[in-house]
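Good morning, and thank you for making time for this presentation.

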Amino acid sequence: MPRQAYEVAALAVRYALALLAGVTLLLVARGTVSQFLRVVRKRRALGDGALSVQLTLEAGGGEALPRGLTFFVEREALIGSGRSCDIRLGHPSVAKQHAQATFTGHELLLRPVSDSPATVSGAPIGPRSIAHHGDVLSIGELSFRVTFQAAEQGGEEEA
């Protein structure tokens, strides 16, 4: 009888862990879907020929922020870990309000909002730093690839 109780308990733990993993994936997907729907609404407002900037996480996120996680900047976005941020990065190295990103249509302007570290291709961002297609943007310990996209094509713009 005790062996059966052990097997039942082990099975319950397995199911609980699988449920926890599923809930975590749903929460990550929910955030990504919410961001995607905001981008779709913004693109409709901007028109079909508009460009956007895609920030794709390349390193530093760990399990909480998986590699390949993508964020979009249509015009302006506050980047940080706080609730008021347009791009929320739940990572200990990211300040509540870390940096402001503004897309002008052909370049991404960045300015720090806090004293926390942020760089573009290794250079610290200043009051008016510029990121171009293909640059690496580092926010705290997170590294993102900057990609310009045409809304009508859905693909990368040639730089």
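Predicted model: local features only at pLDDT ≥ 70, side-chain atom pairs only at ≥ 80, totals over all residues.

Residues are numbered from 1 along each chain as its sequence is written, and side-chain values use heavy atoms, with hydrogens and water left out.

Let me begin with the sheet. Strands here are DSSP runs of E of at least two residues, numbered from the N terminus, and two of them pair if DSSP finds at least two bridges between them. Val53, for example, has Phe148 of β11 as its bridge partner.

I turn next to β5. Four bridges connect β5 with β3, residues 76-80, and the two run antiparallel; Leu78 has Gln100 in β5 as its bridge partner. β5 also pairs with β6, residues 108-112, over five antiparallel bridges, and Thr102 stands opposite Leu109 of β6. β5 and β6 form a hairpin with four residues between them, and Gly105 in the turn has a positive phi of about 115°. Is β5 mostly covered, or is it mostly open? Four of its five residues are buried, where buried means under 20% relative accessible area, exposed means over 50%, and partly exposed lies in between, with a 1.4 Å probe and protein chains only.

Now to the aromatic residues. How many aromatic pairs does a search of the whole structure find? It finds two. Rings of Phe, Tyr and Trp (its six-membered ring) pair if their centres lie within 6.5 Å; planes under 30 degrees apart count as stacked, over 60 as edge-to-face, and the rest as tilted.

Because Phe103 lies in β5 (residues 99-103) and Phe148 in β11, the pair ties together parts that are 45 residues apart in sequence. Phe103 is buried, with a relative accessible area of 7%, and Phe148 is buried at 2%.

That brings me to the core. A nonpolar core is a set of buried Ala, Val, Leu, Ile, Met, Phe, Trp, Tyr and Cys residues joined through side-chain atoms within 4.5 Å. The largest one has 27 residues, of which Leu55, Leu89, Leu108, Ile139 and Phe144 touch the most other members. Elements that give two or more residues to this core include β1, β2, β7 (118-120) and β10 (136-139). Its largest share, four residues, comes from β11. Contact means heavy atoms within 4.5 Å; not counting residues up to four places away in sequence, Leu108 touches several residues, among them Val53, Leu55, Phe103 and Phe148.

Ser93 is in the loop between β4 (87-88) and β5, and is buried at 18% relative accessibility. A polar contact is a pair of N or O atoms within 3.5 Å; within protein, one must be able to donate a hydrogen and the other to accept it, and residues adjacent in sequence count only if both atoms are side-chain atoms. The side chain of Ser93 makes such a contact with the side chain of His91 at 2.8 Å, and also reaches the backbone nitrogen of Glu141 at 2.9 Å.

A salt bridge requires a side-chain nitrogen of Lys or Arg within 4 Å of a carboxyl oxygen of Asp or Glu, and by this rule the count is one. Arg145 forms a salt bridge with Glu58, with the closest N and O atoms 3.0 Å apart. Arg145 lies in β11 and Glu58 in β1, so the pair ties together parts that are 87 residues apart in sequence. Arg145 is partly exposed at 30% relative accessible area, and Glu58 is partly exposed at 28%.
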